Amino acid sequence: MSDFDEPHDPFLTRRRILQGMAALPLVGLPSFGFGAPPPTAKVNTTNLAVTDTEVTVGQLHSATGTMAISETGSIQAEQLAIDQINAMGGVLGRKIKVIKEDGASDWPTFAEKARKLLVSDHVAAVFGCWTSASRKAVLPVFEKENGMLYYPTFYEGLEQSKNVIYTGQEATQQIIWGLDWAKKEKKAKTFFLVGSDYIWPRTSMKIARKHIENFQKGSIVGEEYYPLGHTNFNSLINKIKLKKPDCVYCAVVGGSNVAFYKQLKAAGINAKKQFLLTISVTEDEVLGIGGENVEGFYSSMKYFQSLNNPNNIAFVKAFKAKYGANAVIGDVTQAAYLGPWLWKATVEKAGSFDVDKIAAASAGIELKTAPEGYVKIHPNHHLWSKARIGLAQPNGQFKVVAESPALIEPNPFPKGYQ
Amino acid sequence: MSMTDIFNITMMQGFAGLSLFSVLLLMGLGLAIIFGQMGVINMAHGEFMTIGAYTIYLASTLTERYAPSFMEEYFPFAILLAFVFAFIAGWIAEWALIRHLYKRPLDTLLATWGLSLAMQQTFRSVFGAREVSPTLPEWLLGSWSPAEGLDIPINGLFVMMVTLLVTGFVLLALYRSSWGLKVRATVANRAMANAVGINTKRTDRLTFAIGCGIAGIAGAAFTTIGSTGPTSGSLYIVDAFLVVTFGGAASLLGTVASAFGIAQTQSIAEFFISGSMAKVLTLLLIVIILMIRPQGLFASKIRR
């Protein structure tokens, strides 16, 4: 039953703290692990789509529209995890059946499809959403209909819900340790902040500014936002040249991202002349930007495809076997992969598919098989995770050059940063 | 901050303005022909640009695989190919869709918008949802630096050159070729043009296809500065309409003037205030000017 074939616990110092919580899922496991699966009436008291042999879950991403670029990886990773779980015998002896819905990059459609999944299909859990806008659109539905959402994207924080598990990093996890690294390793004192003009970059840059000014005693020499889809960055690049910051700190997204890096390179700003740290470029984005345009720049994420641990090597191998040798895996894709596994572990701990029991049992759920290493769900429903810095290679991969020594506590409502 | 620094930044900023001007003009040209001359509101203009972009991607992938020794030279040929593909697509679109709607100009807006969605989904199904990055020849990358600290982007120069060529060619064709004569006659008075023996239906189809072909060239050239993905075209459509409407719909010179005006305002404003506010300022100016001159900067004489 246990999927922990190769237990490797890199956090000996943390063991004592974890012991209490970690013991819980292990208590629950053996009773269901052998023999017949528990009766449906026992594991499903809230009329979910659970039968003696099957449990239905929903998947809600944009397979069409603008966001399909980003969400495709998440769809693939969740499907892979579900296939693997089914191959191991499913959850509480029941195979997972997926109902796929397309949010079509349209936020009201997301809300409608979420309602359909919860009200008509009675799914036990939903893996989905990508943008904050889509998450904000479905949140009231999940809270009213009491569903369970596993949300994969790194995001701006300032949110916490009984009905959502956030498997990506919230802003402080992604930003603060990376900035400290920039100060310590790259001696960065002056920063130029660049972002696309919407909630995630704005909130992230606000946290970055507070941290740089109040805690690092550094200075911000420029802070610029450009409309989504903006494709001409020459004026901005001249401003960067004028200010000569130690570090350009970026959160530019989408098509703008590609234009930004191509034009930076064309304007003669490369890694030899300028230290650049981004929080919005993963392996997925490099496909569009081109490895030669970001070579030598740094990215701050919790996961890179090149991570060298047994979990990740197995994950990358399985992913490529299913989706082709050229498939790339970005930070969010890996976070999406965690969703079904975390849900499985939680269901097994709770001994039930009921949403209330899962919400209550989530805190303390740990996953030793996560490709990023060990993760654990915090009582605030975010994940404890490490932060990492990757150095972009011309082939589109990142070389991990730094890693936070310990897991970073998620803190979606950071004091002193708002 | 030394004098040379200020000189360098001024030079580069001046170039940034010119570079934006050529981008705007190139994306507006095809539309100016279709919207300006024919009155068709072509919402799928961006997608015809995307055809051009994907042509470059295809060409670069195929060249890399089958003839790696031509990687340095393939680009100009690929641009010509982009014109051909977009031209053919435009020809088909006119034949299948647009020609039924000339009497209902507002319906062309809906029809071409539908066409743009269909094309986006086609790109997505064929090339995948993710953005791709064509491998560009070495000589298109990096910057030309005539002096220390002065970097002129080569891709910017390249787009500028393409714009010059295409604009020159379009002006020449419109005012010195028999096609141009027919187009101008049709625009001025369709019934009369018909009466003197001009096949206006044929002229329409050719005009639409040429407009789409030019969009293809624009999309191909923009792979050097922007993204190539199923929805890349939508990044340009608003700006393209802005340029054409502001310039005065039926005037090619108006398009040139308006692209110049918008580019300079935008790029100078961006340097002194933030990017989003620069956009607001530019749009505000355009709205005010259009309120005073609803016909745009240059209005040509058309009998209605």
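This is a predicted model: local features need pLDDT of at least 70, side-chain atom pairs count only at pLDDT 80 or more; totals for chains, interfaces and linings use all residues.
## Chain A at a glance

Let's begin with chain A, which has 14 helices and 15 strands. Its C-alpha trace spans about 70 × 45 × 45 Å along the principal axes. For 418 residues, a compact globule would have a radius of gyration near 22 Å, and chain A comes out at 21 Å, which agrees. Of those 418 residues, 56% count as buried.

Taking the contacts with a separation of 6 or more, 73% are between residues 24 or more positions apart.

Where they touch, 16 residues come from domain 1 of chain A and 15 residues from domain 2 of chain A.

Which elements of chain A give two or more residues to the domain 1 side of this contact? They are α3 (68-87) and α13 (331-350) of chain A. By class, the domain 1 side of chain A that touches domain 2 of chain A has seven nonpolar, seven polar and two charged residues.

## A proline beyond the last strand listed here

P412(A) makes a handy stop on the tour. This proline sits in the segment after β15 (398-403) of chain A. Is P412(A) buried or partly exposed? It has 19 C-beta neighbours inside 10 Å, while a buried residue needs 20 or more, so P412(A) counts as partly exposed.

P412(A) also shows how the chain brings separated residues together: P412(A) and E159(A) are 253 residues apart in sequence, yet their C-alpha atoms are 6.3 Å apart in space. Leaving aside neighbours within four places in sequence, the contacts of P412(A) include G157(A), L158(A), E159(A) and Q160(A). E170(A), N380(A) and H382(A) are also among them.

## Chain B at a glance

On to chain B, with its eleven helices and two strands. Along the sequence, the pattern reads α-α-α-α-β-β-α-α-α-α-α-α-α. The radius of gyration of chain B is 20 Å, close to the 19 Å that the globule rule gives for 304 residues, so chain B is as compact as a globular protein of that length.

The C-alpha atoms of chain B fill a box of roughly 65 × 55 × 35 Å along the principal axes. Buried residues make up 49% of its 304 residues. Among contacts in chain B with a separation of 6 or more, residues 24 or more positions apart account for 78%.

Take α8 (residues 200-222) of chain B. At 1.5 Å a residue, its 23 residues should span 33 Å, and its end C-alpha atoms are 33 Å apart, which agrees. α8(B) is mostly covered, with 18 of its 23 residues buried.

α4(B) has 23 residues too, and it reaches 32 Å from first C-alpha to last, close to the expected 33 Å. Its buried residues include A111(B), L115(B), M119(B) and F123(B). What covers the buried residues of α4(B)? The cover includes α3 of chain A, together with α2 (45-66) and α3 (74-96) of chain B. After α4(B) comes G128(B), whose phi is positive, near 90°.

## Where the chains meet

The contact between the chains takes 37 residues from chain B and 35 residues from chain A. On the chain B side, the elements that give two or more residues include α1 (3-38), α4 (105-127) and α5 (154-176). α1(B) gives the most, with seven residues. The chain B side has 13 nonpolar, 18 polar and six charged residues.

## The nonpolar core

The largest nonpolar core has 200 residues. Those with the most contacts inside it are V126(A), L342(A), L24(B), L26(B), A86(B) and I217(B).

For a local view, look at I217(B). Leaving aside neighbours within four places in sequence, I217(B) is in contact with G52(B), I79(B), A82(B), F83(B), V162(B) and V166(B).

Definitions and conventions: Residues are numbered from 1 along each chain as its sequence is written. Chains are lettered from A and ligands numbered from 1 in the order in which they are written. Two residues are in contact if their C-beta atoms, placed from the backbone, lie within 7 Å. Helices (H or I, at least four residues) and strands (E, at least two) are DSSP runs, numbered from the N terminus. Ala, Val, Leu, Ile, Met, Phe, Trp, Tyr, Cys and Pro count as nonpolar, Asp, Glu, Lys and Arg as charged, and the others, Gly among them, as polar. The radius of gyration is taken over C-alpha atoms; the globule rule is 2.2 Å times the number of residues to the power 0.38. A residue is buried if 20 or more other C-beta atoms lie within 10 Å of its own, exposed if 12 or fewer, and partly exposed in between; C-beta atoms are placed from the backbone. The expected span of a helix is 1.5 Å times one less than its number of residues. A nonpolar core is a set of buried Ala, Val, Leu, Ile, Met, Phe, Trp, Tyr and Cys residues joined through C-beta atoms within 7 Å.
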